[in-house]
Amino acid sequence: MFASIKNFFIELSNDFLKCFIENSRYLMYLKGLRNTIFIAVGACILGLIIGIAVTCIRIMPKKNPLSRFFDRIARLYVTVIRGTPVVLQLFICYFVILKSLKSTNIFNIPETNGIPIAIIAFGLNSGAYMAEILRGGINAVDGGQMEAGRTLGLSWMQTFFKIVLPQALKSAIPTMFNEFITLVKETSVAGYVGIVDLTKIQTYITVQTMQLYMPLFIIAAIYLIIVLGLQKVQKIIEERLKRSER
């Protein structure tokens, strides 16, 4: 029994060396990890910008037909994005929109490795969730803050960006960080459009080593380490926010 367990661990370590160390294959994982982090960070920044814009449109006074029109567009955007799978949104951005623009050649779009399209697709997806997170944060801000800003002579936009939004961002940061963690894991579907992300590396490692399970376990361990690290950072941020409120 002990001999079989020993042989199991020896075989396991040999598979790990073959799939991670041998021929510097760890560099392939680092390349995939770099693309994954790049897509996630880019999409998070884009999503935050979109989220702020959508939130601003949804909560601004509806005094004219144009503002009501944009409000309907913003609501439709949030509904569609939150109601459809992110992988389908990625397919539509890559195989429908990008291919259509390339075929018409109107915008003279160069060949791409797919990463910019992935950032746009995941950014659009994240933007809808960021908008709802920010809207919840704004609802938590005392309504008197807006009235106080208007009393001081500030416009609605000035009051929103200088007084209300900073307070909403502060209360929404923990939830927004959760969205970023989710985004890191969601980028694992980027390989479906040929992007060499962390998950896609498994295909290349398996072809070279004929090992199927070990690359998957290594990639899962890398994702786990990343998420645990981000959760640690999130706790530090939350503790500092709590101290600043005292």
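Isoleucine 39 touches Ile115, Ala118, Ile119, Phe122, Thr187, Ala190 and Ile195, where residues up to four places away in sequence are not counted and a contact means heavy atoms within 4.5 Å. The structure is a predicted model, in which local features need pLDDT of at least 70 and side-chain atom pairs count only at pLDDT 80 or more, while totals for chains, interfaces and linings use all residues. Residues are numbered from 1 along each chain as its sequence is written, and side-chain values use heavy atoms, with hydrogens and water left out.

Ile39 also belongs to the largest nonpolar core, which holds 53 residues and in which Tyr29, Ile39, Phe122 and Phe160 touch the most other members. Such a core is a set of buried Ala, Val, Leu, Ile, Met, Phe, Trp, Tyr and Cys residues joined through side-chain atoms within 4.5 Å; buried means under 20% relative accessible area, exposed over 50%, and partly exposed in between, with a 1.4 Å probe and protein chains only. Two or more residues of this core are given by each of α2 (26–59), α4 (86–104), α5 (115–139), α7 (156–186), α8 (201–209) and α9 (213–245), and the largest share, 12 residues, comes from α7. A second, separate core has eight residues, among them Ile50, Val78, Ile81 and Ala128.

The secondary structure of the protein consists of nine helices and zero strands, where helices (H or I, at least four residues) and strands (E, at least two) are DSSP runs numbered from the N terminus. Among contacts between residues at least 6 apart in sequence, 76% join residues at least 24 apart. Buried residues make up 39% of the 246 residues.

As for overall dimensions, the radius of gyration of the protein is 23 Å, whereas a compact globule of 246 residues would have a value near 18 Å; the radius is taken over C-alpha atoms, and the globule rule is 2.2 Å times the number of residues to the power 0.38. Along the principal axes, the C-alpha atoms fill a box of roughly 80 × 55 × 25 Å.

Leucine 216 lies in helix α9 and counts as partly exposed because its relative accessibility is 39%. The C-alpha atoms of leucine 216 and valine 141 are separated by 45 Å, and the two residues are 75 residues apart along the chain.
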